[in-house]
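I opened this model to see how its chains meet. My notes follow in the order I looked things up.

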Amino acid sequence: MGIPRTTMILVLIGILVFTGSGTSAPARQEIVIAGEADVVQFDPLRIQELPTSFVAGMVMERLVMRTVDGKIVGQLAERWKLSVDRRTWTFSLRQGVRFHDGSEFDASVVEWHLRRVMDPREGSVFRAQFSDIERIQVVDKHTIAITLKQANVAFLDLVLLTNGGLIPSRAAYDSLGKEFAFKPVGTGPFRFAQWVQGQRVVLGRNPDWWGGQVKPDQLVIRPITEVNTGIIELETGGVHFITRANREDLERLSKDRRFVVHRIPSYRIRYITLNTAQPPLNDLRVRQAVSHAINTPQIIKALADGMAVPMDTILPAGSAFNPPPGTYTAYPFNRTKARALLTEAGWQPGPGGIARKDGQPLRLVLHTPNGRYFMDKEICEAACNQLRAAGFDCQVSVMEWAAFLSDVRGGRFQAAFNGWNQSTDEPSLFMDALVKTGGRANYSKASDPALDQLLTEALIAFSEGRRKLLYNRAVDMVNKLATIVPINTEYKVAITSGRLEGYTHGAPQTGVEFVNAFLK
Amino acid sequence: MSNAARPVPLAMLAGSTRPGGSAFLRRLFRRRIVIIGVVLVAAFFAISISAPVLAPQGYDEQELERRLKPPSPGFLLGTDMLGRDVLARIIWGARVSLMVGFLAMFLGLVFGSVLGLLSGMYAGGTDRAIMGFMDILLAFPGILLALAVVAALGPGLYQVMIAVGINQIPAFARLVRGSVLSVRKNEYIEAARAVGASDLRLMVRHITPNVLAPVIVLASLDVGTAILASAGLSFLGLGAQPPIPDWGGMINQGRAFLRTAWWVGVFPGLAIMLTVLGFNLIGDGLRDALDPRLRQA
Amino acid sequence: MWRYVARKLLAAIPVLLGAALLAFMILHLSPGDPARLIAGENAFEEDVENIRRKLGLDQPFAVQYLRFVASSAKGEFGRSIRTGRLVRDDVGARFPNTIELAVASLILAVILGVAAGIVAAVRPNTAYDYGATFAALAGISTPTFWLGLLLMLLFSYHLGWLPASGRAGPPWTIDGLRSILMPAIALGTPSAAIIARLTRSSLLDVLRQDYVRTARAKGLIERIVIGHHALRNALIPVVTVVGLRLGALLGGAVITEQVFSWPGIGTLIVTAISSRDYPMVQGTMMIVALVFVLVNLGVDLLYALVDPRIKYE
């Protein structure tokens, strides 16, 4: 009896000692950020997921960047001009910029990098986009000219603003070998210091940054995959910065003066794709019935208020290319109308409220990933419930991401909850991929030659007014097809500790958000 | 966690004489906590059978306006993020949990016993092949094997049952094989063989009754293990398809609201705990009652 | 004894290869294209094709498997499709953390389990016994992830005593110890319960043995009888179970790590399965299986050490 009692007392004392002692405040300015997952690898040619993009954007830079209000400005390029035939872009590079390893940034590095992205042996995931480039010419040490195969208004967005546009040090590539992908060397405000797998990535200040003084001594990015854990860490001071919270916590934290909620619209859209190759969705009226049956504003308000905003076109909510309200086809929630459309399509009300035709119930399976997008599964559960009330025998099918992607891309689905993430609202990034015939994410297999022609025209229309007009019309045409049920646009959200000052929220794709940040 | 309830001294039970009915029951119920176990399991069975009558609502009656309401007379255990009655979902969920637990256990029991019998009866190549395969299965941590199987089959109730059931096979196989080996050494088996009894006859007539007791103990503990393992898979987002209420999946959805609406995630966890506890209490009692060495305890 | 060790190790090789093959087959039966998963849903098909070629995913399955086996023979266990690193390096960076967590859980489990087991055995069929047994069974019956969430809510969120997640450092530092405490409790609870029950039954068994009766008859006080004579023998089966639990803990760590963002192989392998990273899954399975085998062997040897009646040829 004596032994365990002593042991237990010792354990208790131990617990008291450990729990009682807090961590001492670091003298240096160290900002701790919760990443949504661990980083993967830093070779820009293969960065496609968010956590790595976030870190890479602070270490490496592109020729150009987007500002918070959506303007494109120079980053490593000071200025650029477009030739008369609109095919050659000539960039004047920033002078005196050095990589973190001391090597010099100049036109030859840019040329090397672009050629590397286009080299089929390198296994770049951006090669297809970069293959628009016909010729790269180093004009002088600080000038580079890029000639395209054909004019393309959206070249900067489509090519240079991708992760493939991040420029790493050539010297690092030559000297690091296999380690190149794990020790990023760029020109950005923060230099890579350490990556302990699954635990943290540490970035140090770049004292020689061309953009001026960088305030924080250190940024520590900790992978915290659980939303819930991230919030507890923020509230207990374990991290200073998180990017996700459910609606209830968001409401609570925005009322709490110890925290600040930052929020700007993002260009991440969520929508339900209706597969036109599969009955019953090959019938336009059934697709319209689906659109009318789902009360999107209600679902998004209930499940994602503050994290996402409902939308009713294929372009991100708030995009300048959306037509003014009331001037385009839309499908507001209307259960009666949904039922009427079904009846018109030959689906008569049957037992249990489920519509039937030739004795067959109106089956609809809605595929969704789980946790890939904010509240994806829950949104689908709610949508399916409402579809059932309108007469569909709706089933949610939650799938593992790999299997989901494979089924959706292979056309093995009726309806699917999809997402499309871009870092700008350039409309061709959405339209050409999602609704153009043969578009790389046109999972609904819809095809409308008039729409295709319109979109091709819009890509070479260099007047802003003309482009807007064309895309306004395109939005209406897409909605008329009813192959996509727009659901929501996610906000770009950050919840920061009140101690964190000088953080600038917003600029997509850049590391400048933390340049002026410091802890009180 | 899937191996949580694997008891070690079970193998020692093999070959113990079969207890006589009423004496056995008396021994079983002498430990009062066994009664608690029986009551718990019976209660959850009753709940799951009478769910249509008992549940205040269907399990998918959403009402987004009343989401995340705390427990009140109208909703005894509150509502979830889609405005569904948590109590109703827990009651309907009892069916799901018990079904997964029993079917997964049954799968392990059937395949494990057959493999174990074969392995024990036919020494040599068959034995080595079967036990080698069991070693491979055992070398995977259970949850990882289940994860891989669900990746191949896709999420869903039956897939989870299969994934969890596969995990239970080696334990049954080893147990049965051990019992068979120890029974085979007995003289009466040799005698039966000598008078020309066939292998099949031997297995059915002499060996099966002897391995029955430890198998029953393992099976009763296994239902709990299987319920826990399937809850773990659901927690990783690979459980039953919505809107089917499965307790692990309810915790998974509820954990995001632990600070703002604790009832969504806490009550399903309690339900799992009580159900598994019931099976463990029974299994524990069965083992004590069957184990001759501990009878005086 | 060395011959015994060598024989056991040799016998493990087919198990390891079989484990890798099983992982390989299950994963290849799963829908999903690793090249597409790396390239992302935004990528063009030609880029995906390019990556598939570069990673050798266009080769027949048999070739892919044999390549992996050859690489494993070199101790590299293949190259991860997703990260591009050797599986050995990725696992090597994280596995020590999983082992650290498993061992910490086990230490906690042994302390609590043995203590509770003794309490129950010394006063069989009393309220103490029932209480301890009931607590132990409740411990086995609790889903570890749920327990972990509740612990986090209590000790981090409401009381602010312990950090909510992550690994703050090695466990011999105060910060490190604080960060491992909660995951270790969550993970160790079922083991503590199992050890408690085993200690109870084993001790009860020993207390009925002749030499204990003799000791009692000699008039030794109960504490010495139990502490010096009975406990030592009663703990022999406990030692075996402790070893076997280590294996179960490595598996249980998968979910606990997920809850507490613990940087072990749990998160690594969950990601590897979901991204169809074939070499990573195979390699991790092989390494985990190898550790299983080594642990079991260690237990065998330890058993011989504590129980002199057992000898290995």
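**Entry 1: a helix pair across chains**

I started with helix α12 (residues 263-290) of chain B and helix α6 (residues 127-141) of chain C, whose axes come within 8 Å and cross at roughly 125 degrees. Axes here are lines fitted to C-alpha atoms, for helices over the stretch in contact, and angles run from 0 to 180 degrees between N-to-C directions. That angle makes α12(B) oblique to α6(C); under 35 degrees counts as roughly parallel, over 145 as roughly antiparallel, 65 to 115 as roughly perpendicular, and the rest as oblique. Helices (H or I, at least four residues) and strands (E, at least two) are DSSP runs, numbered from the N terminus.

This is a predicted model: local features need pLDDT of at least 70, side-chain atom pairs count only at pLDDT 80 or more, and totals for chains, interfaces and linings use all residues. Residues are numbered from 1 along each chain as its sequence is written, and chains are lettered from A and ligands numbered from 1 in the order in which they are written.

Next I listed who meets whom. From α12(B) come Met273(B), Val276(B), Leu277(B), Asn280(B), Leu281(B) and Asp284(B); they meet Leu137(C), Ala138(C), Ile140(C) and Ser141(C) of α6(C). Contact means C-beta atoms, placed from the backbone, within 7 Å. By class I got seven nonpolar, two polar and one charged residues (Ala, Val, Leu, Ile, Met, Phe, Trp, Tyr, Cys and Pro are nonpolar, Asp, Glu, Lys and Arg charged, the others, Gly among them, polar).

**Entry 2: chain A and its partners**

I turned to chain A against chain B. The contact takes 23 residues from chain A and 21 residues from chain B. On the chain A side, α12(A) gives the largest share, five residues. That side divides into nine nonpolar, seven polar and seven charged residues.

Then I checked chain C against chain A. Here 54 residues of chain C touch 45 residues of chain A. On the chain C side, α5(C) supplies the largest share, eight residues. I sorted that side into 24 nonpolar, 15 polar and 15 charged residues.

**Entry 3: confidence in chain B**

How confident is the predictor in chain B? The mean pLDDT (confidence in each residue, from 0 to 100) is 84, and 90% of its residues reach 70 or more. Over residues 1-19 of chain B the pLDDT is below 50.

Key:
Two residues are in contact if their C-beta atoms, placed from the backbone, lie within 7 Å.
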